[in-house]
Amino acid sequence: MENKDDLFTTIKKVESKSGSIPKILTVLPLRDIIIFPYMIFPVLIGRTSTLKAVAEALERDKYIFVSAQKKANIDEPKFEDIYTYGTIAKIIQVLRLPNNLLKVLVEGLFQARIVKPTKDKEYLEAEIAQVIHKQTEQTKELNALIRLTSDQFAEYVKESLHVPPDIISAFENAIANVNQKIEVKQKILEKKSLQKQYFQLSTILSQELELLHLEDEIDGKVQDTIQKSQKKYYIQEQIRALQKELGDEDEATPELSAIKEAIEKAGMPEGVKAKAYEEFDRLKKTPTVSPEYSVNRTYLELLTAMPWTQKTEDDMDIEHVKVILDEDHYDLEKPKDRILEFIAVLNLAGTLKRQILCFVGPPGVGKTSLAKSIARALGRKFVRFSLGGIRDEAEIRGHRRTYVGAMPGKIIQSMKKAGTINPVILLDEVDKMSMDFRGDPSSALLEVLDPEQNVAFNDHYLEVDYDLSNVLFITTANVKYDIPLPLQDRMEVIDISSYLEPDKLEIAKRHIVPKILEEYGLNKYKIKFDDKAIYRMIREYTREAGVRHLEREIGSVLRKLARELVTDYDKNRKMRKNGDSEKVRKALRENPQFNKMMSNKSVVITPEKIEEFLKAPKFKDKKDQLEDKVGVATGLAWTSIGGETMPVEVTIMPGAEKLTLTGKLGDVMKESAQAALSYVRSNYKVLDIPENFQKHKEIHIHVPEGAIPKDGPSAGITLAVALISAATNKPIRGDIAMTGEITLRGNILPIGGLNEKLLAAKRIGINTVLVPKDNERDIDL
C-alpha cells in the first residue's frame, strides 16, 4: 500500500503540472462512475457526442474533463444533466473495439469545476477551473485520518466479497471501490479540503463495515438453522432405517403417533380409513422440511377432526319444541307448523332425511333467527354461513390439494365447526349468489341440497365421500324468483309475509323491548312503552316489512332515556368529578340510592317522548291519498322489503297527440300503460267516454317519487282506471286500492306478492282492495 509520504509527493507533482493544462476542455459525461484524482480507469465510449469529445481531446494534449451524469438513463446529456464538479483527466490509451466503440484509459489528475459552458452542439466543452485545496500539508490530525481510513479500507477489502483482494494496494482509489451511490461519492469529490474528504470516507467505511458485520451475523444464524434442520433430518432418517431393520411398527415422532391414534379413534368408514392410512404412509416417508409434509399433515388433521359418527339426540317432545318456538318468535304460524310436522314424523319414522326448507320473505321478518330457534328446539348444533356474493364453485366444493393454500369448501368447514353429523346448517341469502369464469356455485349446491345425492357429497379437498343426509338444511331468500329453478325444485319454500302493525306491536313488547332493556342494563327498572308510542315509531319512523329498523329506533329511544336518567341523578348528587366517567359508571351500578330511586320510579314512554327523542318524523302520513280525486288511482307495488302503495296520476291536456310517461318507469310498466290506453280507446262506448277524447290532446301519466325505479305489469288495472277517470272527469274513490295486469281485451291477470300488497294498503288505512279473480285462492280468509 502506498504510504502517506508517497501520497503527498503525488499531490505535489500533480499540482506542479496544473499550470500547463488548458482552461478550455472537452467534457466527457460518465454513467454510474466517478473518476477521482490519482485514479486510472478504463471508460467504454459509444455515444456520438462523447466520441467527438475524445477525438477533440486527443488533439489538445489529451486533457479532458470527466463528470458524472445526474441520471444515467439520459442518452444525450446537456450541462444541466451533469454535475458541475468533476476531475481533469489525461487520456493514456485509446483502444478501438467492434461496433464503433472506444475503450479509453484515463488517469485522474485533480479536482475541478465547470466555470461556464462554451459549446454544447456536437459535444460538450467548457471553461474549467481547478479546485484548490485549503490544506495539502501534513498535520497530525490529517495523518491520523489517513492511517485510520487506510486500516478501515484494508478491513473492508478483507470482509467484502465484492471487492478483489489486490485492490488493497490502490488506497488512493478507495472511495471508487466502496459500494455506495453516485450521489454519496460526488459529495466527497466536491469537498474542498483533503481532511474533510478523508473524514467523509472514514464515515462511509465505518457504515459499510458495520453492515458487513451484520450480514455475517445473519448469515451465521441462517447457516446454524440449516445445519440444525439437516441434522434433525439425518437423525430421523437414521431412526426410520433402524426401525425398518428391527421391524418396529412404532412411529418415529410423537406427532406421527398422535395422528395415527386420531385416525383410529375418528370412527371413519372403511373406505375413508383406507384413504387416511394411505396418506399417513406417504406422510411418514416425506421429510419434515418438505412443503409436501405440511400439506399432508393438514389434510390428515382435517380428516380426523371431521365428525363421522358423533351426533346429538333430537328433542322429540312436540310441546317442548312448540314452547321454544313461541318464546323466540311471535306469529309465523306456517313455518312453526312445518317444524312441528317434522318432529311428528321423526317420532314415527325415527329418521327423516328429505327435509330442506327455504324461508322466503322481506328483510327483518325473522328468517335467520327462526332457523336458530329450530336448532335450539331440536337440541341440534347450529351453523350459519352466507351465500351472498359467492361466485366461485370452490367456495362450496373446496379447492383441490394441488393448489397452494387449498382448503375445503364451506359445507365441510361447517360440518367440522358443528362437530356432529346432524346439525342445522343455515345457507343464508341463497338468492344472492352469482357466477363467473370460476364456475357456478348454485350448480355445486344442487348436490348438497339433493337428498338423493348428498349421501355421498364429494369435496374436492377432502377427496372422500361424506354423508350429509342427516343434516337439516335451511335456506333463506328475499326473492323467490332470484333462486335458480333447479335449486327451487329441491327445496320446500315457505313464504314469510310482512308484519301488520299489531304484529309489530306485539313483537316489540314481547321480544325487542325486553332484549334491549337487558342489554342496556335497564331491565331492573320500571320502564314501559305506551302502545301509542310504539305505533308512532312504526308509522312515522320506520317503513319496512320486518322489525329491524323498529328495533334500532327503540334502542335509540332507550339510549337517550338512559342518558337523561343518569344526567338528572348526576346533577342532583354532583357525582361527576374531574371528568372520571368510569368512576361515575361504577358508582351508578353500585349506588343503592340510585337503584332504589329507579326501582321506585316508573317511566312511561309516551308518543310525545318519541318525538322529543327521535326529533321530526321520517315518513309522512299517506292518508291524504284516501281523498277522492279525478285521474288519480291508488295502485299496489311489491318490493324486496315488502309492499308499497303507488298512486298513479293521469292528466289530459291540449297539445300534440301523444302519450307521455314519467316517474322512472321500466319497460314492462311502459308497455302496460300502452295496453291500458289501447283498451280504453277501443272500448270508449262501453266506458261512456267521448269518441275523440284524445284528439289534439296529450295524455300524461306520472307515478310520483320519480327517483325510485318502478317496473312490472301489475299496475295495468290502476293505469286503466286512472285513464278512464281523467277521460270522463269522474273522481276515483280514494279508499280503494287495486292491482292486476290488464290485457287488450280487458282481462285482469293474476299477480304475485299479494300478501305484501294487502299489508301496504292496510298500513295507510285502505280496507278495500280490488285483486284479480285468479288471486282469490291466495287470500287467507
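The model is predicted, so local features need pLDDT of at least 70 and side-chain atom pairs count only at pLDDT 80 or more, while totals for chains, interfaces and linings use all residues. Residues are numbered from 1 along each chain as its sequence is written, and side-chain values use heavy atoms, with hydrogens and water left out.

Begin with the protein chain as a whole, which holds 24 helices and 25 strands (DSSP runs numbered from the N terminus, helices being H or I of at least four residues and strands E of at least two). Of its 781 residues, 44% are buried (under 20% relative accessible area, with a 1.4 Å probe and protein chains only).

Next select strand β1, residues 24-30, where six of the seven residues are buried.

Finally, move to helix α16, residues 501-519, and helix α17, residues 531-540, which pack at an angle of about 120° with their axes 10 Å apart (axes are lines fitted to C-alpha atoms over the stretch in contact, and angles run from 0 to 180 degrees between N-to-C directions). Among the residues that meet there are Leu505 and Ala508 of α16 and Ile534 and Ile538 of α17 (contact means heavy atoms within 4.5 Å).

Methods
Buried < 20%, exposed > 50% of the residue type's maximum accessible area, 1.4 Å probe, protein only.
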